Amino acid sequence: METKLEELYQKKDMVHGKAAQILETQKVPSAMKNEYNNKVSQYDEMYENVESMKLLSTNQETIDNLLKQQLEILTVRINWELGWMKNVLGYISKQ
């Protein structure tokens, strides 16, 4: 499960990099930028909170459940960022 988490984290970094590139190179409306920054911050906080709980835990079953939560957080975040990019690029192409 750790390997899957590492792979998903790398995928998250790749998707996040592409979204950051869009923010830097395109004229993204401030509302969409704010939405992006808020959501990314929320997902980062959720992930880090679970990571902290994982480090404090000594029970393997608990650690496994927390790993599953991190996988879910990353999956939801990746899908959200991909959807956000699609919406932004769709909006920009209509301008």
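Guide: Buried means under 20% relative accessible area, exposed over 50%, and partly exposed in between, with a 1.4 Å probe and protein chains only. By that scale Asn 65 is partly exposed, because its relative accessible area is 38%. Asn 65 lies in helix H3; helices are DSSP runs (H or I, at least four residues), strands are E runs of at least two, and both are numbered from the N terminus. From Asn 65 to Tyr 9 the C-alpha separation is 17 Å, across 56 residues of sequence.

This is a predicted model, where local features need pLDDT of at least 70, side-chain atom pairs count only at pLDDT 80 or more, and totals for chains, interfaces and linings use all residues. Residues are numbered from 1 along each chain as its sequence is written, and side-chain values use heavy atoms, with hydrogens and water left out.

Start with H1. Helix H1 covers residues 2-25, 24 residues in all. H1 reaches 35 Å from its first C-alpha to its last, close to the expected 34 Å; that expected span is 1.5 Å times one less than the number of residues. Its buried residues are Leu 5, Leu 8, Lys 12, Val 15, Ala 19 and Ile 22. Their cover includes helix H2 (30-56) and helix H3 (60-93). Lys 4, also in H1, counts as partly exposed because its relative accessibility is 49%. Lys 4 and Leu 71 sit 67 residues apart in sequence, yet their C-alpha atoms are 8.0 Å apart.

Now H2. Its 27 residues should span 39 Å, and its end C-alpha atoms are 39 Å apart, so the two agree. Met 32, Tyr 36, Val 40, Tyr 43, Tyr 47, Val 50 and Lys 54 are the buried residues of H2. H1 and H3 are among what covers them.

Next, the pairing of H1 with H2. Their axes come within 12 Å and cross at roughly 160°; axes are lines fitted to C-alpha atoms, for helices over the stretch in contact, and angles run from 0 to 180 degrees between N-to-C directions. H1 is therefore roughly antiparallel to H2 (under 35 degrees is roughly parallel, over 145 roughly antiparallel, 65 to 115 roughly perpendicular, the rest oblique). The crossing is left-handed: the near helix is turned anticlockwise from the far one by less than a right angle, and clockwise would be right-handed. From H1, Leu 5, Tyr 9, His 16, Ala 19, Ala 20 and Leu 23 meet Lys 33, Tyr 36, Val 40, Tyr 47 and Lys 54 of H2. These contact residues divide into 8 nonpolar, 1 polar and 2 charged (Ala, Val, Leu, Ile, Met, Phe, Trp, Tyr, Cys and Pro count as nonpolar, Asp, Glu, Lys and Arg as charged, and the others, Gly among them, as polar).

Then H2 with H3. The two axes come within 9 Å and cross at roughly 170°. So H2 is roughly antiparallel to H3. Their contact has 18 nonpolar, 3 polar and 7 charged residues.

Ser 57 sits in the loop between H2 and H3. Ser 57 counts as buried because its relative accessible area is 17%. Beyond neighbours within four places in sequence, Ser 57 is in contact (heavy atoms within 4.5 Å) with Thr 62 and Ile 63.

Finish at Trp 84, in H3. Trp 84 is buried, because its relative accessible area is 2%. Neighbours within four places aside, Trp 84 is in contact with Ala 19, Leu 23, Val 28, Met 32, Glu 35 and Tyr 36. Trp 84 and Gly 17 are 67 residues apart along the chain, and 13 Å separates their C-alpha atoms.
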